[in-house]
Amino acid sequence: MIIKKIKLENIRSYLDQELDFSEGSTLLAGDIGSGKSSILLAIDFALFGLRKGNLSGASLLRNGTNNGLVELHFSLDNKEIIIQRNLKKLQESIVQDSGFIITNGIRRDASAIELKQDIIDLLNY
């Protein structure tokens, strides 16, 4: 898997940010609190979604906002893939909303559970 780009909206300290990754290795460097871990958590969320005890919506969604999203662009086995996962704040909790996956230009809207299964299938887990 080669990560090419990530888009973050209302994810932790990021309001609206798009990061392009160059080919080869990437080093995330910066001061404490600059957002390095947020990028890694966002990649985890994009691929596998929220998981009880491991990754919660409250730990991802920016305080004071009602919606957020992560969009991850990557290539895998000669396939170009874009996955978008969304968060939304309800009265008492923050949950995953439906999202989409695009594989070689073909878009499929899906629930959080369906997206997770798609990624597991793509990664041969």
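Start by selecting asparagine 78: at 78% relative accessibility, this residue counts as exposed (exposed is over 50% relative accessible area, buried under 20%, partly exposed in between, with a 1.4 Å probe and protein chains only). You are looking at a predicted model, in which local features need pLDDT of at least 70 and side-chain atom pairs count only at pLDDT 80 or more, while totals for chains, interfaces and linings use all residues. Residues are numbered from 1 along each chain as its sequence is written, and side-chain values use heavy atoms, with hydrogens and water left out.

Asparagine 78 sits in the loop between β3 and β4 (strands, E, at least two residues, and helices, H or I, at least four, are DSSP runs numbered from the N terminus).

Step on to lysine 79, in strand β4. With a relative accessible area of 32%, lysine 79 is partly exposed. Select isoleucine 102 as well: 23 residues separate this pair in sequence, and 9.8 Å in space, C-alpha to C-alpha. Leaving aside neighbours within four places in sequence, lysine 79 is in contact (heavy atoms within 4.5 Å) with Phe74, Thr103, Asn104 and Leu122.

Just after α3, asparagine 124 takes a positive phi of about 60°.

Next, go to glutamate 71 in strand β3, residues 67-76. Glutamate 71 is buried yet has no salt bridge; lysine 7, the nearest side chain of opposite charge, is 5.2 Å away. (A salt bridge puts a side-chain nitrogen of Lys or Arg within 4 Å of a carboxyl oxygen of Asp or Glu.) What does its side chain meet instead? A 2.8 Å polar contact joins glutamate 71 to the side chain of histidine 73, and another polar contact of 2.8 Å links the side chains of glutamate 71 and glutamine 84. (A polar contact is a pair of N or O atoms within 3.5 Å, one able to donate a hydrogen and the other to accept it within protein; residues adjacent in sequence count only if both atoms are side-chain atoms.)

Finish just after α1, where glycine 49 takes a positive phi of about 75°.

Notes
Lys, Arg positive; Asp, Glu negative; His and termini not counted.
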